[in-house]
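Dear colleague,

Here is the structure I said I would hand over. Please open it first; my notes follow below.

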Amino acid sequence: MNSLFEQLKTKAVSNRQRIILPESTEPRTLRAANQIIADNVADVILIGNKTEILAQAATMQLPHIEKAQVIDPDNSEAVEKYAQLFYELRKSKGITIDDARKKVKDPLYLGCLIIKNGEADGQVAGAMNTTGNVLRAAFQVLKTQPGVSTVSGAFIMLLPGGSPYGERGIMVFADCAVVPDPDAKQLAEIAVLTERTARDLAGINPKVAMLSFSTKGSAKHERVDKVVEATQLAKEMNPNMEIDGELQADAALVPSVGASKAPGSAIAGKANVLVFPDLGVGNIAYKLVQRLAGATAVGPVLQGLGAPVNDLSRGCNEDDIYKTILLTCNQAIARKA
Ligand code: ACO
């Protein structure tokens, strides 16, 4: 494990959080859960049938699973309170209590409701479920953090050793996962939340570049105007953050290009947080850096939700799940601080 995750693990161990894993019979999830418990990283809550989970753990030789708390969506007494809670949260959307009782059978929803009820700190899912399903449950139950209207997804990019970019080779990119076409206010929020993610999780001193195909007015287009407006709004939302835009990627990253295209900018040539103008750019950019530059992409880290929930790729392995649990614990710790 690299030093970033060692640090996240140390913090998680010293301030244990309660993490829900709704995909409890999924083998990679069960292996990651076993290791998390063995390493004293978090208190694990599994959603499912206890007999089935323990039988599978025994077959897979995962002795620590018996220390996990298990909540059974078929235990009608325990689940009724969450159905009532979901009904209260969603009745204005036209759902009935019977709809709510059906919904809480879905472990993704039940997990979020347990968090909403204050009985857990975060959730990790997505080894079996699509991004849309993981996000929709979280949006409907946990909604957004106070003062935030739009959830977005950041990647912590660990560049190969010796890279001159980022802080100690660490950069943060967003939004790469959630908001297809953000307006200026949403883009400003993405910048503010990503700055916080860079500080709280990536452990870097964020220098935020608002990226565009234009640097400081070199091109005129409504898409450039959006980035200029978002930069201004982000400065108003968080006057303390170090941010500049609009900048092209080379001006943001390369000191000589930054000095010639954006003289006097405190960010040009030094950026370690890149905010992309829309999801098309952000999703393609992180995958290109991952594949062509050999970077490790950690995430997406969902930012702005009412409580930490993170989504896995369905192609993930148990180590990815373990690391996503570490990130989720650290998001919960940062919230409480
Ligand atoms: N932030 C906060 N709340 C949101 C957001 C958001 N970004 N998006 C939707 N919501 C809320 C809505 O307000 C609504 O709330 P309400 O029911 O209380 O009124 C609820 O979520 C459902 O909204 P819909 O518009 O119906 O959402 P939908 O289910 O259509 O879409 C989704 C949400 C799935 C996240 C959609 O935005 C999406 O598909 N985004 C792209 C995800 C993706 O495919 N990413 C790329 C792959 S991930 C990767 O490569 C790492």
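I start with helix α2. Its buried residues are R28, T29, L30, A32, A33, N34, I36 and I37. Keep in mind throughout that this is a predicted model.

What covers those buried residues? The cover includes two strands, β1 (17–21) and β2 (42–47). It also includes two helices, α3 (50–59) and α13 (318–336). The helix α2 itself covers residues 27–38, which makes 12 residues. From first C-alpha to last, α2 reaches 16 Å, close to the 16 Å expected at 1.5 Å a residue. After α2 comes N40, and its phi is positive, near 60°.

Next, the sheet. Six strands form an open sheet in the order β8-β7-β9-β6-β5-β10. The pairing is mixed. β8 (243–247) and β10 (296–303) are the edge strands. Each has a single partner strand, so one side of each lacks a neighbour in the sheet. From one strand to the next, the twist averages 20°.

The chain gets from β7 to β8 through helix α9 (residues 222–237). This β-α-β crossover is right-handed.

Elsewhere in the sheet, β6 (residues 170–174) and β9 (residues 273–275) run parallel and are joined by three bridges. Here F173 stands opposite L274 in β9.

Last, the cysteines. How many disulfides are there? The count is zero, with a cut-off of 2.5 Å between the sulfur atoms. For C176, the nearest cysteine sulfur is that of C316, 18 Å away. C176 has 1% relative accessibility, so C176 counts as buried. C316 is in no disulfide either. The nearest cysteine sulfur to C316 is that of C329, at 16 Å. C316 is buried too, with a relative accessible area of 5%.

Finish with C176 and C316, both of them in no disulfide.

Best wishes

Technical notes:
Residues numbered from 1 in each chain as written. Predicted model: local features only at pLDDT ≥ 70, side-chain atom pairs only at ≥ 80, totals over all residues. Heavy atoms only, no water. Pairing = 2+ DSSP bridges. Helix = DSSP H or I, 4+ residues; strand = E, 2+ residues; numbered from the N terminus. Axes fitted to C-alpha atoms, helices over the stretch in contact; angles between N-to-C directions. Right-handed = clockwise from strand over helix to strand, strands pointing away. Expected span 1.5 Å × (residues − 1). Buried < 20%, exposed > 50% of the residue type's maximum accessible area, 1.4 Å probe, protein only. Contact = heavy atoms within 4.5 Å.
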